[in-house]
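Here is a briefing on one protein model. Look over the sequence and the structure first, then read the points below.

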Amino acid sequence: MTADRDQRRTVRELVDAHGQTYAEEAGIRLKDTPQPLYRLLVLAHLLSARISASIAVATARALSEAGLRDPRRMADAGWQQRVDALGRGGYRRYDERTATQLGEGAELLTERWGGDLRRLREEAGGDVCELRRLLQEFPGVGPTGADIFLREAQLLWPEVDPLLDRKAVRGAERLGLPGDPDRLLSLAGKTEPAVLAAALVRAAVDKDVAEDTLTRVG
């Protein structure tokens with residue numbers, strides 16, 4: 001019982017201090033409507049590269065501030081405009097390739113699903129594996145990017161909830177928590193799985209988050 005109580009406290013301290021979704025950090029008010037879902041897809045694309053999460057989030061904000069909040073505007077923007085916005089966010093290492101991928105992805109979303117990711121969801125027919133496969137049809141969105149999108153979209157799409165991906169599990173193990181997703185969800189009580197997942201991922205990618213949490217637990 002003592003170990004169980006300590007693990008629950010660890011989860012509580014982690015979520016209280018670091019339980020912000022990446023969409024929230026990027027200023028995306030998630031709703032099941034076309035624009036927020038598209039902005040989440042772009043954020044997932046950016047986060048999936050080998051670059052710090054803070055830079056990816058800053059870049060998502062920079063794209064939004066440049067007016068590139070929906071697939072039509074993203075596709076209509078010139079390549080250089082996309083490169084410049086990516087650069088302002090600090091995404092310089094991958095800016096040229098990503099600018100091309102974002103343009104191609106926006107065109108794909110517009111042509112195949114009318115600019116609306118809810119239609120992609122309908123095509124998947126409630127099958128999460130199919131959702132993951134369809135998301136990977138976007139240039140630059142591989143398995144990691146698809147998982148990031150679904151990890152946050154589970155707040156809106158019940159068929160995905162609950163989802164703790166491999167990176168979230170790595171964060172749990174870094175904190176000395178069990179690696180079983182069902183056990184982690186049980187320890188988290190009423191915490192939204194998307195919030196728990198984001199907090200665990202932050203512990204996985206940032207050792208300061210893990211150390212801060214363990215210090216709080218004492």
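**Cavities and pocket**

The largest cavity holds about 70 Å³ of space. The model is a predicted one, and the count of cavities of 30 Å³ or more comes to 2. The largest pocket has a volume of about 320 Å³.

*Largest cavity*

- The lining of the largest cavity includes Y38, L41, V42 and H45.
- Q101, L102, G105 and A106 also line the largest cavity.
- F138, P139 and V141 are among the lining residues too.
- Helices α3 (34–47) and α7 (95–113) each give at least two residues to the lining of the largest cavity.

*Largest pocket*

- The lining of the largest pocket is made up of 17 residues.
- T144, I148, R151, K167 and R170 are the ones that lie nearest the centre of the largest pocket.
- Two or more lining residues come from each of α10, α11 and α13 (193–205).
- Helix α10 gives the largest share of that lining, with 5 residues.

- R151 belongs to helix α10.
- Is R151 buried or exposed? R151 counts as buried, because its relative accessibility is 3% and the cut-off for buried is under 20%.
- The side chain of R151 makes a polar contact with the side chain of D165, at 2.8 Å.
- Leaving out residues up to four places away in sequence, R151 touches Y22, L163, D165, A194, A197 and V201.
- Y22, one of the residues touched by R151, also has the charged end of R202 over its ring, 4.1 Å from the ring centre.

**The loop between α10 and α11**

- P162 lies in the loop that runs between α10 (143–153) and α11 (166–174).
- Which kind of peptide bond joins D161 and P162? The bond is cis, with omega at about 0°.
- For context, most peptide bonds are trans.
- L164 is placed in the loop between α10 and α11 as well.
- L164 has a relative accessibility of 10%, so it counts as buried.
- Not counting residues up to four places away in sequence, L164 touches V169, P181, L184, L185, P193, L196 and A197.
- A197 is touched by L164 and also by R151.
- L164 and E104 are 60 residues apart in sequence, and their C-alpha atoms are 29 Å apart in space.

- L117 is in helix α8 (residues 117–124).
- With a relative accessibility of 1%, L117 counts as buried.
- Which residues does L117 touch, not counting those up to four places away in sequence? They are L37, Y38, L41, L109, F138, F149 and W157.
- Among these contacts of L117 are Y38, L41 and F138, and Y38, L41 and F138 line the largest cavity.
- L117 and T33 are 84 residues apart along the chain, with their C-alpha atoms separated by 8.4 Å.

- T213 sits in helix α14 (residues 207–217).
- The relative accessible area of T213 is 0%, so T213 is buried.
- At 2.9 Å, the side chain of T213 reaches the backbone oxygen of V209.
- T213 also touches T10, E13, L14, H18 and L175, with residues up to four places away in sequence left out.

**Aromatic pairs**

- How many aromatic pairs are there? The count comes to 3.
- The rings of Y91 and Y94 have their centres 6.1 Å apart.
- Y91 is buried, with a relative accessible area of 0%.
- Y94 is buried too, at 13%.

Key:
Residues numbered from 1 in each chain as written. Predicted model: local features only at pLDDT ≥ 70, side-chain atom pairs only at ≥ 80, totals over all residues. Heavy atoms only, no water. Helix = DSSP H or I, 4+ residues; strand = E, 2+ residues; numbered from the N terminus. Buried < 20%, exposed > 50% of the residue type's maximum accessible area, 1.4 Å probe, protein only. Polar contact = N/O pair within 3.5 Å; in protein donor to acceptor, adjacent residues only side chain to side chain. Contact = heavy atoms within 4.5 Å. Phe/Tyr/Trp six-rings, centres within 6.5 Å; stacked < 30°, edge-to-face > 60°. Lys NZ or Arg CZ within 6 Å of the ring centre and 35° of its normal. 1 Å grid on protein atoms, 1.4 Å probe; cavity = no way out; pocket = protein on both sides within 12 Å on 5 of 7 lines; lining within 4 Å. Points joined across faces, edges and corners; volume = space filled by probe spheres on them.
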